[in-house]
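Let's take a friendly walk through this structure together. Have a look at the ligand before reading on.

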Amino acid sequence: MPRYALLGWPVGHSRSPGMQLAGFQALGLSATYECLAIPPEEFSARVAELPAQGFAGWNVTVPHKERMFQACHQVAGEEARAAHSVNTVVVREGKTYGYSTDGIGVARALEHDFGMKAMPSRQLYLGAGGAAQAAAMYAARHGATEIFLANRTLEKAQALAQRIRENAPQCQVHPLPLSQAPDAIPHCDILFQCTSLGLHPGDPLPIPAETIPKSLPVFDFVYTPSAFREALQRRGNPVSDGLEMLLQQGMESFQIWTGHPAPEKEMRQGLGARTTP
Ligand code: ATR
């Protein structure tokens, strides 16, 4: 029986097993999906052992996506190559092939949660870590015309901006310190909250909620309840958490592994997500 897994550190809180197992079951495929907590220093050695242990594929989450990009035998997906990030691996004849399904997951979630069929033109990202990297690179390559990258550590925003320019020269990219994010807001059609703030109770807000006009849609990658989202919801902003994105990126991984279209209804139920409105 093929084994699948989620590799992360930590991975205890993940909803991916419920979602993927529901998908396998719906298609009558017998396969397992487990969570593997792998500390960064053990990553390369553990990953190299997985094919021999019967793993046919896996997902990769924080903080290992860039490490997995380096560790694949072949980076097979265009998006993974551009973003330097792999969240989906498939094993073929003992070799590992890496893909990134995060960007398409965000695009589909924007359509589902906000009714956005086209990529919003002008986008502001708070954060420049793994989540911002995959989402902003995908957006720049698929229709965004101007991207603002606001990060606490300016150098990380500058490095990401440079890579986006190399991969999507038609998109203008502006790195800036997180404290200056409110200055960019009037120039943007959407805000992506990609810092890890909100994961832990008591975290401060990345920027003050009152600097965000009520009409601006906000997409937050933190899918646990957060003070930032609560404040925005109280103000009446259209707000999306990362749950729909988790479903959509997982469905894309499922299709890469099995070659079958992912059974959305069952996987959505397995995730415990809301039903389609
Ligand atoms: P992910 O893969 O979820 O994006 P990550 O790569 O660890 O996780 O990135 C976390 C992001 O949250 C980074 O942009 C980080 O900013 P730095 O690059 O300056 O580290 C941001 N972040 C984390 N803690 C923060 C804090 N207390 N204030 C502001 N930004 C923070």
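Arg152 uses its side chain, with an N or O atom 2.9 Å from a ligand oxygen atom. Lys156 also has a polar side-chain atom 2.9 Å from an oxygen atom of the ligand. On its own the ligand has 640 Å² of accessible area, and the protein covers 72% of that (areas come from the Shrake-Rupley method with a 1.4 Å probe).

A word about what you are viewing: this is a predicted model, in which local features need pLDDT of at least 70 and side-chain atom pairs count only at pLDDT 80 or more, while totals for chains, interfaces and linings use all residues. Residues are numbered from 1 along each chain as its sequence is written, and side-chain values use heavy atoms, leaving out hydrogens and water.

Now widen the view. Around the ligand there are 15 residues, and Ala128, Asn151, Arg152, Thr153 and Lys156 come nearest (a residue is near if one of its heavy atoms lies within 4 Å). By class, this shell has 6 nonpolar, 7 polar and 2 charged residues (Ala, Val, Leu, Ile, Met, Phe, Trp, Tyr, Cys and Pro count as nonpolar, Asp, Glu, Lys and Arg as charged, and the others, Gly among them, as polar).

Finally, find Asn59. Is this residue buried or exposed? Asn59 counts as buried because its relative accessibility is 3% (buried means under 20%, exposed over 50%, partly exposed in between, with a 1.4 Å probe and protein chains only).

Notes
Polar contact = N/O pair within 3.5 Å; in protein donor to acceptor, adjacent residues only side chain to side chain.
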